[in-house]
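Biologist: I have some questions about the terms used for this model. Please show it, and then set each term against its definition.

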Amino acid sequence: MGQWAKRDDTIVHQEDPYNAEPTPAALNHRPVTPLDTFYSRNHGPIQQLDPHTWRLDVDGLVDRPLTLSLADLRQRFAQHSVVATLQCAGNRRAELSTVRPIPGQTLWGPAAISTAEWTGAALADVLGAAGLHQRGRHVAFVEADATARPDGVALFGGSIPMAKATAGEVLLAWQMNGVPLPVVHGAPVRVVVPGYIGARSVKWLRRITVQEHCSDNYFQAGDYRLLPADADPAEAAAGHGLPLGVAALNAAILTPDQGQSLPAGPVRVSGYACAGEDREVARVDVSVDGGQRWRQADLGTAPGPWAWRLWQLVVDLAPGPVKITARAWDSSATCQPERPEHLWNPLGYMNTAWSRVNVTCTAR
Ligand SMILES: Nc1nc2c(c(=O)[nH]1)N[C@H]1C(S)=C(S)[C@@H](COP(=O)(O)O)O[C@H]1N2
Ligand SMILES: [Mo]
């Protein structure tokens with residue numbers, strides 16, 4: 001067992017802060033990702049909070065500011081479970097970095113994405129108990145500051161618009177796959193915002209503030225922004241570019257492996273597809289001739305409306321080099337963009353280009 005109870009074969013991009021993704025093979029085939037396989041993305045230290053003394057403040061534009069213990073949260077509010085996929089906005093950045101380098105950012109493969117069954121209180125219910133003012137437009141989250149952090153590393157936070165915050169699917173979760181939330185995933189309580197980039201699902205939650213404007217936390221105002229291709233990354237800090245929120249349609253091939261050598265003949269191609277916000281994955285197409293002809297993959301059943309779809313297709317591969325391509329369509333008839341060149345941005349976010357895997361088939 002590796003660090004933070006992750007599998008031994010976990011790909012650890014960085015030890016401190018801990019940033020790690022599973023191998024594509026480990027992620028594949030399981031609609032709900034086991035805890036030892038779930039990716040983990042951290043901008044600062046993993047916080048060790050005592051669940052008995054932990055408190056959550058709810059303040060800002062509310063009638064009745066609240067201070068809740070874990071017991072209060074569990075007893076005062078109905079318990080909900082949602083199967084939701086979390087995906088880092090930096091997922092698949094490594095492919096973007098082959099277009100042009102992306103210095104200083106974690107080069108995630110296709111597995112900075114995972115799915116869990118989250119259990120907790122609905123944020124909507126907690127906000128209802130606090131009483132919302134008319135002027136409240138955004139709900140901001142900030143993490144605890146229990147652990148010393150290196151100089152210059154800001155407290156993690158962010159916000160979501162009021163309509164999303166009160167929609168019911170956003171949870172203050174204390175359980176993941178039926179067990180208490182592991183420390184590395186934000187114990188004792190984290191936010192889970194289904195359909196949004198992972199960065200809005202704040203871990204080690206300490207405070208919820210209802211406010212007129214979106215969060216000015218560094219990780220919303222100065223990071224997780226999509227800059228124009230010709231911008232200097234330092235401009236993000238000044239609030240340039242597009243703030244990221246709603247997730248975009250994405251898909252990736254998980255098997256076969258990039259560069260794999262395998263016998264010609266029938267080969268199973270498989271992976272995931274995930275739509276953003278309230279859209280659904282409608283179809284996944286696979287091509288083995290660089291995109292001239294396409295066949296439809298079989299979509300596995302959705303583990304829930306906020307979760308990815310796993311897919312697979314057996315294709316017949318001729319001897320020689322083969323380019324396998326996969327692309328997803330969503331319920332708005334939107335398809336993923338074709339090439340990473342068209343998406344390249346200085347911080348390397350939102351690579352949703354068609355997924356490509358090159359293999360070599362040997363005659364048998
Ligand atoms: N407090 C805190 N919450 C956080 C982060 C963080 O660094 N600190 N990282 C965010 C990002 S960028 C992502 S993608 C998800 C990752 O969640 P996980 O580590 O449970 O997979 O958590 C989000 N919540
Ligand atoms: Mo992220």
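Biologist: What makes the classes in the shell around ligand 1 nonpolar, polar or charged?

Modeller: Ala, Val, Leu, Ile, Met, Phe, Trp, Tyr, Cys and Pro count as nonpolar, Asp, Glu, Lys and Arg as charged, and the others, Gly among them, as polar. On that basis the shell has 9 nonpolar, 6 polar and 4 charged residues. This is a predicted model, in which local features need pLDDT of at least 70 and side-chain atom pairs pLDDT 80 or more, while totals for chains, interfaces and linings use all residues; side-chain values use heavy atoms, without hydrogens and water. Residues are numbered from 1 along each chain as its sequence is written, and chains are lettered from A and ligands numbered from 1 in the order in which they are written.

Biologist: How many residues surround ligand 1, and which are the closest?

Modeller: There are 19, and the closest are Tyr39, His43, His185, Arg190 and Lys203. A residue is near a molecule if one of its heavy atoms lies within 4 Å of it.

Biologist: Which spans does UniProt annotate as domains?

Modeller: An unreviewed UniProt entry gives "domain: Oxidoreductase molybdopterin-binding" for residues 43-218. That span is 14% helix and 32% strand, with its end C-alpha atoms 11 Å apart. The UniProt record also lists "domain: Moybdenum cofactor oxidoreductase dimerisation", again unreviewed, for residues 249-360. There the chain is 0% helix and 50% strand, and the end C-alpha atoms are 29 Å apart. Helices (H or I, at least four residues) and strands (E, at least two) are DSSP runs, numbered from the N terminus.

Biologist: How do you know that the bond between Thr255 and Pro256 is cis?

Modeller: Its omega is about -5°. Pro256 is in the loop between β15 (250-255) and β16 (261-263). The peptide bond from Asp16 to Pro17 is also cis, with omega near 0°, and Pro17 lies in the loop between β1 (11-14) and β2 (19-21).

Definitions and conventions: UniProt positions are given in the numbering used here, feature names are shortened, and annotations may be inferred rather than shown by experiment.
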